[in-house]
Amino acid sequence: MKKNISVHLYGASHYISSADGKFDIYYQGIPSLLNINNSEVDWGDRILKCMESRLDVESAVMDVIENTTGLFSLIIVSEGECIIVSDIIRSFPLFWGNRDQNLFITDQLEKYQQEYDYFSIDKNKLEEYTISGLVFDNGTVYEKVYGIKPGEVVVYKEGEFSHKQYFNFSKNNNYPQYSSIDVYATKADEVLLSCFKRMLENFPNVRKWVVPLSGGHDSRLIVNYLHRLGVKNVLCFSYGQCNNNVQADISKEVAKTLGFEWYFVEYSEQKWKELHDDGLIDQYLEFAFNGVSTSHFQDLLAIYELKSRNVISSEDVVIPGHTSMSSRLWGKELNDLSYEKIRTDAYFEDLIVIHAQKHKDIYNYVEAFGKEESLEKDMFRAKFHWQEKHSKFIINSIRGYYFQGLRVALPLWDKELAILWLSPCSFELQGRKLLYEIEKLTLLTDSLKQVRFANDHGPKKVLTLRGVLKNMIPLSIIHLLVRFLGKNVKTSEGMNQLYALRFKTIKDLILPVKHVMPVKLLPYIKPYYNRSPYRMDPNMMTVLFTLTKLLNKNKL
């Protein structure tokens with residue numbers, strides 16, 4: 001511990017100290033340098049050598065970070081000073097605050113609190129979390145405790161903090177420009193091959209490459225490039241309900257086409273209840289929440305069951321596709337950044353909880369975010385979701401793999417691919433439409449092009465009289481009828497079974513902490529009191545479940 005600064009890392013990490021004891025370096029993950037054979041270079045040593053050879057330590061560190069890709073976090077501590085760095089997607093979140101006039105830095109706020117003392121809750125941030133499913137910017141639900149953003153460098157010097165984002169998810173005119181989609185498609189194939197080769201280099205001697213395989217595009221890209229590079233030890237899995245599960249059906253066909261192992265894990269109320277009874281749900285929630293995020297449970301049960309059956313182990317590496325940078329990060333141009341315009345448009349439709357659209361403080365934050373001088377209007381939605389929901393919820397889902405002792409790789413968030421994705425193009429296609437087109441041109445093998453995607457329009461169905469009548473009724477009315485009749489409608493992924501046997505109603509969930517529930521939160525919760533978990537969005541349920549855990553332990 002250097003003077004007035006302590007580091008508390010509970011996850012796996014690396015530690016290096018300079019020969020003179022001036023610098024302590026901590027880093028997590030497997031960072032690697034672009035355009036260099038990383039088997040011959042130790043990343044931590046490269047950081048240390050650059051620091052020792054330069055007077056300006058911060059610029060020395062940034063020279064290495066600018067050329068780094070992969071999943072990592074970095075902390076450098078000297079006497080009374082420190083530098084905190086996240087990768088471009090915040091895959092290893094870091095947090096800091098003051099305790100007894102000393103700065104602490106940690107990767108797991110719950111474990112830190114268990115070791116020292118519980119923080120007081122910031123009521124405004126708690127409301128922010130309740131209505132949006134996350135805490136924006138550098139905030140957490142705890143008073144004077146902060147978290148790092150994706151692609152950010154935080155410098156603590158002379159008692160003051162400064163923040164800089166060295167990477168932004170926005171178009172960059174300094175990147176190569178492309179005028180032809182054919183040239184772009186060829187380059188994309190070249191870059192993806194490079195990213196996957198780098199991944200294979202960074203994880204030698206893997207027993208199995210584990211791919212959560214859906215019927216969509218991103219996970220198919222992953223198995224496509226593993227196959228093209230001759231990787232044989234690939235295990236694919238899908239999960240959810242057995243009946244009418246289009247995602248699982250297509251997933252199985254893709255795996256069979258490539259000759260890869262495929263498993264299906266059926267979800268049920270009872271299986272989720274067993275995880276509750278074993279305390280695993282509560283433990284994972286504490287592990288993944290970190291005062292900021294709604295814990296992502298989607299494939300937690302599948303991974304748990306595959307591990308229990310010894311199908312997968314800690315010697316394996318999971319490569320999820322649902323975290324791809326092409327996924328839901330692109331939207332239409334935003335010409336009017338006024339509160340009135342944002343309030344009436346669907347720029348918050350992908351936030352975890354729908355109440356965000358009712359809260360003016362959040363809109364004020366988003367309005368200021370959108371008016372950054374460096375931000376092009378057509379990248380507003382992309383950058384906002386990258387910094388907030390994507391990093392704090394979608395990417396944060398990989399905590400479920402780490403929680404169960406697995407390793408993780410995200411080649412679809414390699415920095416080399418990010419640079420290509422954000423390069424200026426003179427042709428009109430962008431985002432998912434661009435991905436779909438270049439898949440057909442260069443990326444996918446011929447055999448995979450023949451397998452349909454879940455979002456493709458299949459043969460037109462012949463509707464029964466019941467189907468015709470159902471199509472005539474507005475969806476909102478159908479939802480009201482389902483709630484009124486007490487129907488338990490199962491989704492194909494089975495996620496609305498997560499809390500089905502733990503609580504009868506939302507009121508049962510909230511009742512133990514109702515006496516300490518801040519009054520300002522009640523209007524957001526009361527409308528749902530009599531709903532069963534089956535008729536609630538599972539992420540909203542997780543937000544409410546997290547609230548009860550917080551209010552049981554932390555002071556308001």
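View 1. Of the 556 residues of the protein chain, 56% count as buried, meaning under 20% relative accessible area, with exposed being over 50% and partly exposed in between (1.4 Å probe, protein chains only). The model is predicted: local features need pLDDT of at least 70 and side-chain atom pairs count only at pLDDT 80 or more, whereas totals for chains, interfaces and linings use all residues. Residues are numbered from 1 along each chain as its sequence is written, and side-chain values use heavy atoms, with hydrogens and water left out. The protein chain holds 22 helices and 17 strands, which are DSSP runs numbered from the N terminus (helices: H or I, at least four residues; strands: E, at least two). Among contacts (heavy atoms within 4.5 Å) between residues at least 6 apart in sequence, 75% join residues at least 24 apart.

**View 2. The open sheet of 5 strands.** The strand order is E15-E14-E13-E16-E17, with parallel pairing; two strands pair if DSSP finds at least two bridges between them. Strand E15 (261–266) and strand E17 (407–408) each have a single partner strand, so one side of each is left without a neighbour in the sheet. E17 pairs with strand E16 (residues 317–318) in the parallel sense over 2 bridges, and valine 318 has valine 408 of E17 as its bridge partner.

**View 3. Helix H6 against the sheet and helix H7.** Helix H6 (residues 218–228) lies across strands E13 (209–212) and E14 (234–240), running at about 155° to E13. Axes are lines fitted to C-alpha atoms, for helices over the stretch in contact, and angles run from 0 to 180 degrees between N-to-C directions. H6 also packs with helix H7 (residues 246–258) at an angle of about 10°, the axes being 11 Å apart. The two helices are therefore roughly parallel to each other, a term for angles under 35 degrees. Arg220, Val223, Asn224 and His227 of H6 meet Ile250, Val254 and Leu258 of H7 in this contact.

**View 4. The nonpolar cores.** A nonpolar core is a set of buried Ala, Val, Leu, Ile, Met, Phe, Trp, Tyr and Cys residues joined through side-chain atoms within 4.5 Å. In the largest, of 148 residues, Ile65, Leu74, Trp209, Leu226 and Phe297 touch the most other members. Helix H5 (residues 181–202) gives the most to this core, with 9 residues. A second, separate core of 14 residues includes Cys82, Ile84, Trp96 and Ile148.

Notes:
Angles under 35 degrees count as roughly parallel, over 145 as roughly antiparallel, 65 to 115 as roughly perpendicular and the rest as oblique.
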